[in-house]
Amino acid sequence: MTAGIIDGKAVAARVREGLKTEVAAFHAATGIQPGLATVLVGGDPASEVYVASKRKSSVAAGMADLHQHLADDASQAEVEELLKGLAADSSVSGILLQLPVPKHLDAASLVELIPFEKDVDGLTTMSVGLLAQNKPGLRPCTPSGVIELLDSYEVPIEGANVVVIGRSELVGRPVAQLLVNRNATVTIAHSRTKNLAEVCRGADIIVAAVGVKGLITAEFVKPGATVIDVGIHRGPEGLSGDVDFAGVAEVAGLITPVPGGVGPMTIAMLLANTLRAAQLQHELAAV
Ligand code: NAP
């Protein structure tokens, strides 16, 4: 293997330690303790695990845990009322509606009830617009984690040729936008892209957010390129990604493993967003 490993666990731990200090300083200076309201509707086991982990991490960073849990059969009106209450509550810095919600609910319209300054997932139309216009706002967590990893390993972004594979609202589109805002030359590839391997071979950085296990093989990668694997696949041998790690590591300059690459960054960036949300609201209140 020739590639260096991008250690997402170590970067996430560093980000979280730094946030602990920043949260304490912000609290001391303003009297405001950032608070995260995770909202879980129903009892989907995977969602319960994710929410528990987000709550634990926010408390460890010195934030208030303002978790809300509604029953599986909560009506659209009940969830709306809860979200509107959290939006109006000044002790709530960030609101995270855990997705997916039960099928009888309209998730898209619920997400839109989160004000942009509390939208720690960065998924509302307002937040997407602010990102597209490169205006201050809260950015989606996993894409921000990708940028943090590149910066932590001093991978030059400005002027780099980047291929993002995937154009989802959650990962592909926002990560491409963040990279454009950092002056990269970005190609967005997707399921209709012709000659994907050839397109990727021109890249200094490849970001794979495809959801197809092991799709990116060594023949996609220019020697020395940086390869960021966002994909997560659960199999009998544990977790793996969209990248054929063993083969690509022979060619790439830097590569993220799965697990231990992008995955740990998502919660770290959620915490960063919650602090940023509290700061943003404090700034807006002062205007
Ligand atoms: P998604 O909504 O399914 O989007 C997948 C994208 O990949 C689509 O744009 C699709 O193209 C494209 N695609 C599918 N097959 C392709 C192919 N053979 N060649 C080229 N492009 C192809 O998935 P997502 O939500 O973005 O997630 C992507 C992966 O990241 C998944 O494995 C997911 O589990 C993982 N993920 C990880 C984290 C984390 O914290 N690490 C967070 C979120 C997601 P079309 O648009 O043309 O259909």
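A: Ser 168 is found in the loop between strand S6 (161-165) and helix H7 (172-181), where helices (H or I, at least four residues) and strands (E, at least two) are DSSP runs numbered from the N terminus. The model is predicted, so that local features need pLDDT of at least 70 and side-chain atom pairs count only at pLDDT 80 or more, while totals for chains, interfaces and linings use all residues. Residues are numbered from 1 along each chain as its sequence is written, and side-chain values use heavy atoms, with hydrogens and water left out.

Q: What makes Ser 168 buried, partly exposed or exposed?
A: Its relative accessible area is 33%, and since buried means under 20%, exposed over 50% and partly exposed in between (1.4 Å probe, protein chains only), Ser 168 is partly exposed.

Q: How do you know which class Cys 141 and Cys 200 belong to?
A: Cys 141 has 6% relative accessibility and therefore counts as buried, and Cys 200, at 0%, counts as buried too.

Q: How do you know how many disulfides there are?
A: A disulfide is a pair of cysteine sulfur atoms within 2.5 Å, and by this rule the count comes to 0.

Q: What makes a residue part of the lining of the largest pocket, and which residues are the closest to its centre?
A: On a 1 Å grid over the protein atoms alone, a pocket is an open set of points with protein on both sides within 12 Å along at least five of seven lines, a cavity is a set where a 1.4 Å probe fits but cannot get out, and lining residues have an atom within 4 Å of a point. The largest pocket has a volume of about 1200 Å³, and of its 40 lining residues Tyr 50, Thr 142, Ile 232, Gly 263 and Thr 266 are the closest to the centre. Helix H10 (263-286) is among the contributing elements, and H10 gives the most to this lining, with 5 residues.

Q: Which domains does the lining of the largest pocket draw on?
A: The protein is divided into domain 1 (31-115) and domain 2 (140-263), and the lining draws at least three residues from each of them. The centres of the two domains, taken over C-alpha atoms, are separated by 30 Å.

Q: Which positions does UniProt list for "binding site"?
A: The unreviewed UniProt entry lists Gly 166, Arg 167, Ser 168 and Ile 232, and from this set the lining of the largest pocket takes in Ile 232.

Q: What lies around the centre of the second largest pocket?
A: This pocket, with a volume of about 300 Å³, is lined by 13 residues, of which Arg 139, Ser 144, Ile 147, Leu 178 and Met 269 lie nearest its centre. The elements that give two or more residues to this lining are H6 and H10.

Q: How many cavities of 30 Å³ or more does the structure hold, and what lines the largest cavity?
A: The structure holds 1 cavity of 30 Å³ or more, and the largest cavity has a volume of about 40 Å³. Its lining includes Ile 95, Leu 96, Leu 97, Asp 119 and Asp 121, and the largest share, 3 residues, comes from S5.

Terms used
Points joined across faces, edges and corners; volume = space filled by probe spheres on them. Domains from an automatic or database assignment. UniProt positions renumbered as here; feature names shortened; annotations may be inferred.
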